[in-house]
There are 2 protein chains.
Amino acid sequence: SIFGIISNRTLRVLDQKSKQDMRKLLHSIKVGVALVLVSLLYLLDPLYEQVGENAMWAIMTVVVIFEFYAGATLSKGLNRGFGTILGGVLGCSAATFAQEVCRMGKGNAVIIGSSVFVISASATYFRLVPSIKKRYDYGVMIFILTFNLVIVSGLRAEKVLELARDRLSTIGMGFAVCIFISLLVFPTWASDELHDSTAHKFQLLADSIEGCLENYFRLDKEIMKDDQPRSISSRCKSVLHSRSKDETLANFAKWEPWHGKFGLNYPWTKYLQVGELLRELAAIVISLKGCLQSPRQPSPSLRQSIEEPSEAVGLTLAWILRELGESLVKMRRCNREAVIVPKLKSMRLEMSSIVSTFKFGPIENVDGLAIASF
Amino acid sequence: SIFGIISNRTLRVLDQKSKQDMRKLLHSIKVGVALVLVSLLYLLDPLYEQVGENAMWAIMTVVVIFEFYAGATLSKGLNRGFGTILGGVLGCSAATFAQEVCRMGKGNAVIIGSSVFVISASATYFRLVPSIKKRYDYGVMIFILTFNLVIVSGLRAEKVLELARDRLSTIGMGFAVCIFISLLVFPTWASDELHDSTAHKFQLLADSIEGCLENYFRLDKEIMKDDQPRSISSRCKSVLHSRSKDETLANFAKWEPWHGKFGLNYPWTKYLQVGELLRELAAIVISLKGCLQSPRQPSPSLRQSIEEPSEAVGLTLAWILRELGESLVKMRRCNREAVIVPKLKSMRLEMSSIVSTFKFGPIENVDGLAIASF
């Protein structure tokens, strides 16, 4: 049975790995196709006659915008679009203003130089504000870039507006190709990834709790002693350190258009909250594991006396976690009153009987509380 | 005294905040200056006659490369440089190969199209490999971009090599301006940031442990009951969730040229290991805090009986952490044999006296172990 559980887990991991690899391969092929499509602007004579050298901007847009997740591509594309438009408009007005003030002369260059300094420096400062950095970093960067390019070439080129229009239209073509391929052809949704990884965390924690129990009550038999604690802690740590990844995914997921059960009002912040609670639980399980590794252990007979109730409590905990994870996967309301609460109550009773005799209890009690506070 | 400690902490936080703000302001000004400098390529006639429209690439390079930390700027700049050169060389050879094989004809476009697909798709797959993504993501992106631009414009432009040379020289100018301003004028080192934040983590954990103790033995007096646990857990969590930031900083720090005591062999991986241990300790402190919030508490008299030894142990722990942090800040070897070990030994004695009577002990024991394992 243990062999069965382990091979089951291994299979699950392998399966996920090959799935991830397939997605990477798919993404690479999609990028290749998108680039070939925009290269046609150069390669086909009738198209090239239309756009000319500006086809460069379409290629640049595709390379820079096309990201692994559909939401990321959309976010970067929209950021780039708005950044370009805003920068272009501001750059044009600043250039014409400078030309109005002093027609041809050194003063012109001074005005342009100082507005380059002021706008770039303040936009860079703005870019460092955490909330802006999180969602609009790329947009502000493109704004700075476009503003500078437009204002300085405004001094030289006669037809700034035409230049801007042509570039914008090729950028638009690149954007359209990206969005089409990224969102419509086998899309990789960041929202699915966040959903799956949150559900997977429940699994990992349930596995870890079971692993802790197994390890604690089998120490005397010395099986798998070295291996187990490490895999427990690696599982817990993968939960503990998931925060920045979760936040990135949620950020992309917010850009992703309607899909799935909840439509546009998908509760992404709820996912982040659940993730936070799971991370707290993971911290507790890690300290449990620390207790297991401590050299100061109770005698085997004492351990034996609490084996049964502890195992009952631990398995219930793991079961509850699995149940919660399952209901998240299937997106159905977990029947809290009927399923979870009675289990928790019986667990608490069981716990009191242990706590009165042994010090191992209070930690697990906290586990229970963390779950009860869901 | 408590007021003194709190205002001291507040001052420290405020001080750090304003320091960070100053650095952001400085960074913005530096970016502004760098952009004005490269804009001179456009604004001054003699320079413009030399570089022409290619001045655009210098501006683009500065906007895209100039990052907050000097190491990040260097890393992006070198990535961009190597990516451009590699992509350019490969693009040129592919373009000339295509022209050799079939002079003028539809076959030419087919060869170019398929090599665009193959190279882009495989480079994109390569880019998704975690170890490459971590350090060379930007370089590979620039490689794809340059390769595509060069190969498709190789079909149209007669003088690809000249074009490449001119662009490369303006990119080089942009790079030189960035490196000069970023590394030589009030540089912001990622290495310093990593060093300080690692030392700061010791502080935070020492504060948290003290906070836990204070809270536990003052519950009956009901002072600051609501506030304290939250600030403890926020401190611990800021340590717990520091991993991705630490890794980024270490990554940049590795690019930063010689500075500080250790020269080029700065032990950045050691910093990451210390950070990992501190995060484990933070997980334990968080679960300690969980015990404090549990509704099931021992009676006040029992608590009083263990107040003195527990406080002695906790304060010793906090003191050791501070000592370790201090020695990290001052970069001197911590006198382990003379200072830390006797403290730990006396702590263990004290602990045994608590453990025999009370269940609060084993958790702190793990704390001690985590530190002893340093």
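**Notes on a predicted two-chain helical model**

1. Being 3 residues apart in helix 11 (residues 268-293) of chain B, Glu276(B) and Arg279(B) are separated by about one helical turn. An α-helix has 3.6 residues a turn, so residues three or four places apart point the same way. Arg279(B) is buried, and its relative accessible area is 3%. Please keep in mind throughout that this is a predicted model.

2. Chain A has a related arrangement worth a look. Lys201(A), Asp246(A), Glu276(A) and Arg279(A) are joined into one network by salt bridges that share partners. Over all chains, the count of salt bridges comes to 21.

3. A salt bridge links Arg23(A) to Glu193(A), and the closest N and O atoms are 2.8 Å apart. Arg23(A) sits in helix 1 (residues 2-43) of chain A and Glu193(A) in helix 8 of chain A, so the pair ties together parts that are 170 residues apart in sequence. Glu193(A) counts as buried because its relative accessibility is 12%, under the 20% cut-off.

4. Now to Glu193(B) in the other chain. Which residue forms a salt bridge with Glu193(B)? The partner is Lys245(B), with the closest N and O atoms 3.5 Å apart. This pair also links distant parts of its chain, with Lys245(B) in helix 10 (residues 243-255) of chain B and Glu193(B) in helix 8 of chain B, 52 residues apart. Glu193(B) is buried, at a relative accessible area of 12%, whereas Lys245(B) is partly exposed, at 45%.

5. Two packed helices are described by the angle between their axes and the distance between the axes. Here the axes of helix 8 of chain A and helix 10 (residues 243-255) of chain A come within 8 Å and cross at roughly 145°. The crossing of helix 8 of chain A with helix 10 of chain A is left-handed. On the helix 8 side of chain A, the residues that meet helix 10 are Ala190(A), Ser191(A), Glu193(A), Leu194(A), Ser197(A) and Lys201(A). Helix 10 of chain A contributes Lys245(A), Asp246(A), Leu249(A), Ala250(A), Phe252(A) and Ala253(A). By class, this contact between helix 8 and helix 10 of chain A has 6 nonpolar, 2 polar and 4 charged residues.

6. A backbone detail to check is Phe186, in both chains. Most residues other than glycine have a negative phi, and most peptide bonds are trans. Phe186(A), although not a glycine, has a positive phi of about 40°, and phi of Phe186(B) is also positive, near 40°. Phe186(A) belongs to the loop between helix 7 (160-184) and helix 8 (190-217) of chain A. Phe186(B) belongs to the loop between helix 7 (160-184) and helix 8 (190-218) of chain B. Is Phe186(A) buried or exposed? Phe186(A) counts as exposed, at 58% relative accessibility, and Phe186(B) counts as exposed at 59%.

7. Arg127(A), found in helix 5 (residues 106-127) of chain A, is buried at 11% relative accessibility. Beyond its neighbours within four places in sequence, Arg127(A) is in contact with Val63(B) and with Ile132(A), Lys133(A), Asp137(A), Val140(A) and Met141(A).

8. Val110(B) and Cys236(B) are 59 Å apart in space, C-alpha to C-alpha, and 126 residues apart in sequence.

9. Finally, the overall picture of chain A. Its secondary structure comes to 14 helices and 0 strands. Of its 374 residues, 51% count as buried. In chain A, 79% of the contacts with a separation of 6 or more are between residues 24 or more positions apart. The accessible surface of chain A is about 18000 Å², with 63% belonging to carbon and sulfur atoms.

Terms used
Residues numbered from 1 in each chain as written. Chains lettered and ligands numbered in written order. Predicted model: local features only at pLDDT ≥ 70, side-chain atom pairs only at ≥ 80, totals over all residues. Heavy atoms only, no water. Helix = DSSP H or I, 4+ residues; strand = E, 2+ residues; numbered from the N terminus. Buried < 20%, exposed > 50% of the residue type's maximum accessible area, 1.4 Å probe, protein only. Contact = heavy atoms within 4.5 Å. Areas by Shrake-Rupley, 256 points an atom, 1.4 Å probe, with all protein chains shown as cover. Salt bridge = Lys/Arg side-chain N within 4 Å of Asp/Glu carboxyl O. Axes fitted to C-alpha atoms, helices over the stretch in contact; angles between N-to-C directions. Left-handed = near helix turned anticlockwise from the far one by under 90°. Nonpolar A, V, L, I, M, F, W, Y, C, P; charged D, E, K, R; others polar.
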